Amino acid sequence: MNIIILGAGRVGESVAESLVSENNDITVIDTDPQRLRRLQDRLDLRCVVGNGIQPSVLEQAGIRDADMLIGCAAADETNLVACKIAHDLFSVSTTIARLRSPEFVTGSRLMDKTGFAVEEVICPEASVTAMVRKLIDYPQALQVLEFAQGLVSLIVARALPAGLLAERQLREIPTLLPDLGLRVVAIFRQEAMLPALDGDTRIEPGDEVFVLAATARIREVLFALHPASQSPVRRVMIAGGGNVGLRLARAIEKRFQVKIVELDRQRCDYMASQLSAETLVLHGDCTDESLLEDENVHDIDLFAALTNDDEDNIMSCLLAKRMGAKRVLALINRKAYANLVQGTQIDIAISPAQAVIGGLLAHVRRGDIEAVHSLRRGTSEALEAIVHGDRNSSRMAGRRVGELTLPPGVEVGAIVRGLHLPDGAPAGDAARPQILMAHHDLGIEPNDHVIVFVPRKRMLREVEKLFQVSATFF
């Protein structure tokens, strides 16, 4: 695809890096020539210096031949105007805008073709907040991602020696957990993914295990891998009162005891006016050992460092962990830092750019893609796609899972049947959707939602072909 990205900041850079690796033609527009020069030195893309809301700059970037415009500039107004111009003046078919304001949402009248003409809104702050809320609800998990309208989840957890599945072969799981449908789609051991899994593959303590299961059974799956050695999260301390920290505090303050630490006094005053009286807003430095000690950080169930400074987030998490915080989470913008600290004294490292990349990738993928989630900081993916056609026009419809020709390591994890109806009727008019864990003899039918784990991005094109139909289908 021919894609124009407006803005070469952290989000724009991450989006460009992800899309370039898939052989798309990428052009990045930014007003900072030095930033573009650094980006061009690293990636195979084209850069244009200028203001992306000016039609002449867009034309210089090749907007007339573009399939998609992604607005990732710092200001919401810039992204909205750029999308409007791209649609109205240049008939760009797909426009996506990164917007911080919660008042601009996908599908609203403001975003339709007569408004700002934004097809999809992405908000890193909202995505990170949703991710952290999931990890608060499931403290043993490293990641929880939903598919099929929330019916199925991909759970990532570290196997502990005391877990039921530790030292067990995959073929033993149905016997050990006969009533719990799940499928292990990948295992990472010492930061390397194991080769294609089979029944003889053994789960070792310390493994990072990727499991697909019904969302309603998440806690049982987690307990089998990572027995609950700690009580549920009740007390949360947030370091950083920026957009992410404030969003998270608002989202969880009714359910948990929340403390939020912020260095800027005016921001503290603002947060105090926005949050309930039960939420404690503290003016101070999150790396101040005395402050953390005074606020009993040793009693905190989750310490979440969400400032805009990677180093402060890392240091405050290490300090909180050493002082007794049960679990620590750091927001890390630099990919190299995230890879370095994940799984050390810092339990979880979250990349804000990777939190939103899935929404973008769903528009770039070929086939009827419902959802895409980026894993392992962009090296792997899990995607959900709808099967169309029949045995004569599709490589997937009308075939058993064992008949599919899949690249090494690619796993069909689960199938959800009954969500998508051929006559277009709403799912509520049909029988209750079925969640089917994939096995060799499971047949795939038209309109099935199939969830696939892809270990390496270079395999994506081959996987996408499975969901494409020949022209005769139409």
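Me: Is S91 buried or exposed?
Reply: S91 counts as exposed, because its relative accessibility is 60% (exposed is over 50%, buried under 20% and partly exposed in between, with a 1.4 Å probe and protein chains only). Bear in mind that this is a predicted model, where local features need pLDDT of at least 70, side-chain atom pairs count only at pLDDT 80 or more, and totals for chains, interfaces and linings use all residues. Residues are numbered from 1 along each chain as its sequence is written, and side-chain values use heavy atoms, leaving out hydrogens and water.

Me: Where does S91 lie?
Reply: In the loop between α4 (76–90) and β5 (94–98); helices (H or I, at least four residues) and strands (E, at least two) are DSSP runs, numbered from the N terminus. S91 is not a glycine, yet has a positive phi of about 55 degrees.

Me: And what about A148, buried or exposed?
Reply: A148 counts as buried, because its relative accessibility is 1%. A148 sits in the loop between β7 and β8 and has a positive phi of about 50 degrees, although it is not a glycine.

Me: How many bridges link β7 and β8?
Reply: They pair in the antiparallel sense over 6 bridges (pairing takes at least two bridges found by DSSP). A141 stands opposite A157 in β8.

Me: Switching topic: which residues of α1 are buried?
Reply: V11, G12, S14, V15, A16, S18, L19 and V20. That is 8 of the 11 residues of α1 (10–20), so the helix is largely enclosed by the rest of the structure.
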